[in-house]
Amino acid sequence: MGMFDKFKGKQKEPKETNEIENRELKVNLADTAMGMLEQGVDYQELAGIQCQFGYLFSIEDHGLEALFKITTDTTTAYFAAQKQSLMRLNFNEELFCSTTETFLSLHQ
């Protein structure tokens, strides 16, 4: 047995915090995403817009990992937050659900 063999598999896992109940963080992400939507294309009316998070985690030395969608009167727009970036995704409902399920199974 080599002198480093006893350390194999003992790498420190990053600390993760499930932030799905963090209302302030969710509102900030949703507000930022709303700024990325285009009136006349992504929505006609602001009334009735809904936001649903698939997951929202804070990961030590990484930042945020989130997947969420905003449903408007004309479309559903999907977003991911990674580290300090927010991106609009080319997703559909099936991909949103399967990605959420896979991520949550790996991080709980």
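Contact here means heavy atoms within 4.5 Å. This is a predicted model, where local features need pLDDT of at least 70, side-chain atom pairs count only at pLDDT 80 or more, and totals for chains, interfaces and linings use all residues. Residues are numbered from 1 along each chain as its sequence is written, and side-chain values use heavy atoms, with hydrogens and water left out.

**Stop 1: Phe68**

Select Phe68. Leave aside its neighbours within four places in sequence. Its contacts then include Leu29, Ala30 and Ala33. Cys51, Gln52, Phe53 and Gly54 also touch Phe68. So do Ala77, Tyr78, Phe79, Leu86 and Phe96.

**Stop 2: the nonpolar cores**

A nonpolar core is a set of buried Ala, Val, Leu, Ile, Met, Phe, Trp, Tyr and Cys residues joined through side-chain atoms within 4.5 Å. Buried means under 20% relative accessible area, exposed over 50%, and partly exposed in between (1.4 Å probe, protein chains only). The largest such core has 15 residues. Leu29, Leu56, Phe68 and Phe79 have the most contacts inside it.

Now colour by element. Helices (H or I, at least four residues) and strands (E, at least two) are DSSP runs, numbered from the N terminus. Helix H1 (23-34) and strands E2 (50-59), E3 (63-71) and E4 (76-83) each give two or more residues to this core. E3 gives the most, with four residues.

**Stop 3: the salt bridges**

Switch to charged side chains. A salt bridge is a side-chain nitrogen of Lys or Arg within 4 Å of a carboxyl oxygen of Asp or Glu. The count is two.

Pick Asp42 and Arg88 to see one of them. Their closest N and O atoms are 3.0 Å apart. Asp42 sits in the loop between H1 and E2 and Arg88 in strand E5 (residues 85-89), so the pair ties together parts 46 residues apart in sequence. Asp42 is buried at 7%; Arg88 is partly exposed at 36%.

Next, take Glu93 and Lys69. Here the closest N and O atoms are 2.8 Å apart. Glu93 belongs to helix H2 (residues 93-106) and Lys69 to strand E3, so this pair ties together parts 24 residues apart in sequence. Glu93 is partly exposed at 34%, while Lys69 is buried at 9%.

**Stop 4: the cysteines**

How many disulfides does the whole structure hold? Zero, taking a disulfide as a pair of cysteine sulfur atoms within 2.5 Å. Select Cys51: it is partly exposed at 37%. Cys97 is partly exposed at 41%.
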